[in-house]
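Hi,

Here is the structure I promised to pass on. Have a look at it first, and then read on for what turned up.

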Amino acid sequence: MSNTFDSIDQIKRANEGVGHSWFDPTTTQYHGTAIETGIIGGRYFVESGHRIAGDSASGRVFRAVAADPSGAVSYLKGGDTFDTLGEAQAYIEGVIG
């Protein structure tokens, strides 16, 4: 198995393959999740979601996300949110150096 990914679809398949549901439509709909970037550095991307889960009127925030080589996905920086896409991308760039 490669240590990096070339597409979000590869991460989605790997995530499902390890029995996780990060990209499950019910979950993403509730959180208003949208993938905002392609793959950065082979394993990172930015997603946005409702500022308050389940409340589409609460505005949007951005989160930096990482996929490990198995396909498990988690937020970077403890799930802290960023107000802009650029801030989240800059955080990822700082992580990968």
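In which loop is I40 found? I40 sits in the loop between strand 1 (34-35) and strand 2 (44-52); strands here are DSSP runs of E with at least two residues, helices are runs of H or I with at least four residues, and both are numbered from the N terminus.

Some ground rules before the rest. This is a predicted model, where local features need pLDDT of at least 70 and side-chain atom pairs count only at pLDDT 80 or more, while totals for chains, interfaces and linings use all residues. Residues are numbered from 1 along each chain as its sequence is written, and side-chain values use heavy atoms, with hydrogens and water left out.

Back to I40. With 12% relative accessibility, I40 counts as buried (buried is under 20% relative accessible area, exposed is over 50%, partly exposed is in between, with a 1.4 Å probe and protein chains only). Not counting residues up to four places away in sequence, I40 touches Q89, I92, E93 and I96, contact being heavy atoms within 4.5 Å. I40 and I96 are 56 residues apart along the chain, with 9.0 Å between their C-alpha atoms.

Next, R63, in strand 3 (residues 55-67). R63 is buried yet has no salt bridge, and the nearest side chain of opposite charge, E47, is 5.4 Å away. (A salt bridge is a side-chain nitrogen of Lys or Arg within 4 Å of a carboxyl oxygen of Asp or Glu; Lys and Arg count as positive, Asp and Glu as negative, and His and the chain ends are not counted.) What does R63 lie over? R63 lies over the face of Y75, 5.3 Å from the ring centre; for this, CZ of Arg or NZ of Lys must be within 6 Å of the ring centre and within 35 degrees of the ring normal. The side chain of R63 also reaches the backbone oxygen of G79 at 3.3 Å.

How many salt bridges does a search of the whole structure find? The search finds one: the side chains of R51 and D83 meet at 3.4 Å, N to O. This pair links distant parts of the chain, with R51 in strand 2 and D83, 32 residues away, in the loop between strand 4 (73-75) and helix 3 (85-96). R51 is partly exposed at 42% relative accessible area, whereas D83 is exposed at 52%.

Happy browsing!

Terms used: Lys, Arg positive; Asp, Glu negative; His and termini not counted. Polar contact = N/O pair within 3.5 Å; in protein donor to acceptor, adjacent residues only side chain to side chain.
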